[in-house]
Amino acid sequence: MAPRRLLLVGEGNFSFAAAQSETLDPSTTSIIATCLQHPADLARDPLAGENLQRLRERGTEVRFGVDCTQLADAFELHDREFDRIYFNFPHCGRKAGVAKNRELLAKFFQSCADVLAEAGEVHVALCRGQGGTPADKPRREWHNSWQVVAMAALGGLILSDVHPFSCEAVPGYKCTGYRSQDKTFHVEGALNHIFTRSLPFECFQPRIFRIRLGDQCFSFPEPEAVTGKLNRGFLEAPSCHPIRTINEKLIAELGKAFSLKRLKCPFPLLSQGDTSVLTSWNCDIVSAAFWISLLEDNSNSESLTDGTTQDMEEFLLSFSELSLPGDPERDDKEEAHEGIYGQAKVCLRPSLLVHVQAVIQAPDFLPGSLYILSGPVFKKCLILPFTMPAFHETLLILEFNQNLKDGCLQSLLDHLKHILDSLLTQTLLEGSKLSSSVEFVLQQNGKDYMISVKSHNFDPDGAKDLIIGSVTTSTISIIHKERCFVFVSMNLDLLAMLVCGISDWRMLWTSDNRFLKNFVSGKIEPFKSYSLYPPCYAHDISFWLDEKKGFDELEFHTVAREVSQDTVISIQFLSRFQHPKTEQVSLCYRLIYQSCDKALTKQQVASMQSQFRKEIQQRLRVIPR
């Protein structure tokens, strides 16, 4: 196994390099120590001379005149790939202000991208307050800090760890160079920031999906607001995703108290006729669905991709339940010319409740058995911390005797509360108090409940009530017979966040394999984030409304989600203005951008905001000001 390669930049008197070389095993670690100065510049520094001698005696490579903002120039292509790069207490020298030092950091991080191994780390030690992150005590105002995470993003790096910097842990280290003098920096409260590579932001083209209905094939593009969220297989074996682990444990515990019937979840496409079932549950649910046009497609995969979309995937699925209306007035000649043989309107499933009728009307349905259906659902929603356009739902269906209704329902609720409370305590440290509690909140109709979890995990200022599901009781007439049912719907994504301590729902959908490395299949583990204190960027936008068309706020949020690749975390309404003469109305909003797992730069956000202005003008018929 090749030794780890360490690169030390900005070495002043080489005391850090000397200490590292005497501490680390040369058979497992190779060190290259560098500085900007030339040998003649260090001739008057006896400590530097002593440390250089120690390094030479141990065979450590030393290079002079190395500019940390141009590292690619200092190393041949085959000699790059460093596992760790250290830069302790960077400073432009003399009385350089924060702007100059930010610039130094930005150029350094961009330079690191050229010589850092794929799984490498960049270690940057900063004096107390300089970094501008919540880890600094006290924390400086953002504009008065070096904004280290934002500068690192310019090099495609994210902050993955931060801990106190201790000179005592490096015997013989003396950090000098304060204001270009032989003075030490004020290292009390200093922090070591550890950065790693981020997955790049890519211009995602929605994947084209193909499905087979009988002997016909159809294609449809993935809706941009849920790009990368279809067919992820989180609930399927052998996935070790926490959503699957939570679901399997929930079902296993329910199996100890009930006779279970586990059902396979259909592919999440619904025809227009199927959506009528949903309106009885929630009249708004259909309007919030992602509607898709299916195109009949007899072409092969090569002609579909046309060599332009590498990310395209094919899914040939049997989905006999979907009925497509035909068009009796189709022109056969036009069909041949166009290559499109039919079109139907379908939507992505916004709830598993759409499958209830099919389940309870099946001839083999058994009263008293608990039927379980789990799968992904999709619906448009406002951009809020705990609302998501795609999540995994588990649906429980139970039929019980009308005379035993209250007892059966209470038994189910008691078991559910016990199971959920048990799950929420699995990641608690020994001696810790329960940070979440489950309650069934009775609704105004006097028979249904919301499943609420009072959690302290995500709000340091107090407990937050999160709705993770619902309990609905219903009497349904089937073949002239009144039958009583209870339907329990639960958001597995929210439950996984609460159990594993995942503060951002977007992290559940990341493609970064470091997320799944936190988890072992079948075992519940607390999540340790690999992207700490990501920077936020605020942009305001105001626009004139079209009096005739009105304003669709849900679509406004959906466009923001699409354009920003889910990096808009908040949309705040600021003001409404009506022109005194024309009476035209203008609205003003503030968008907050932040990525949970990728390096997001100020320049990328500016580009997204510019595109957002164009999109809302075209799609919402508003006029940006």
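Is Phe-195 buried or exposed, and what is its relative accessible area? In this predicted model, Phe-195 is buried, with a relative accessible area of 0%; buried denotes under 20% relative accessible area, exposed over 50% and partly exposed the range in between, computed with a 1.4 Å probe on protein chains only. Because the model is predicted, local features require pLDDT of at least 70 and side-chain atom pairs count only at pLDDT 80 or more, whereas totals for chains, interfaces and linings use all residues. Residues are numbered from 1 along each chain as its sequence is written, and side-chain values use heavy atoms, with hydrogens and water left out.

The structure contains 26 aromatic pairs, a pair being two rings of Phe, Tyr or Trp (its six-membered ring) with centres within 6.5 Å; planes under 30 degrees apart count as stacked, over 60 as edge-to-face and the rest as tilted. One of these pairs, edge-to-face, joins Phe-75 and Phe-82 at 5.0 Å centre to centre, with 70° between the planes. Phe-75 is buried at 3% relative accessible area, and Phe-82 is buried at 0%.

Phe-195 forms an edge-to-face pair with Phe-109, at 4.9 Å centre to centre and 65° between the planes. This pair links distant parts of the chain, 86 residues apart: Phe-109 lies in helix α4 (residues 98-115) and Phe-195 in strand β7 (residues 191-197). Helices (H or I, at least four residues) and strands (E, at least two) are DSSP runs numbered from the N terminus. Phe-109 is likewise buried, at 0%.
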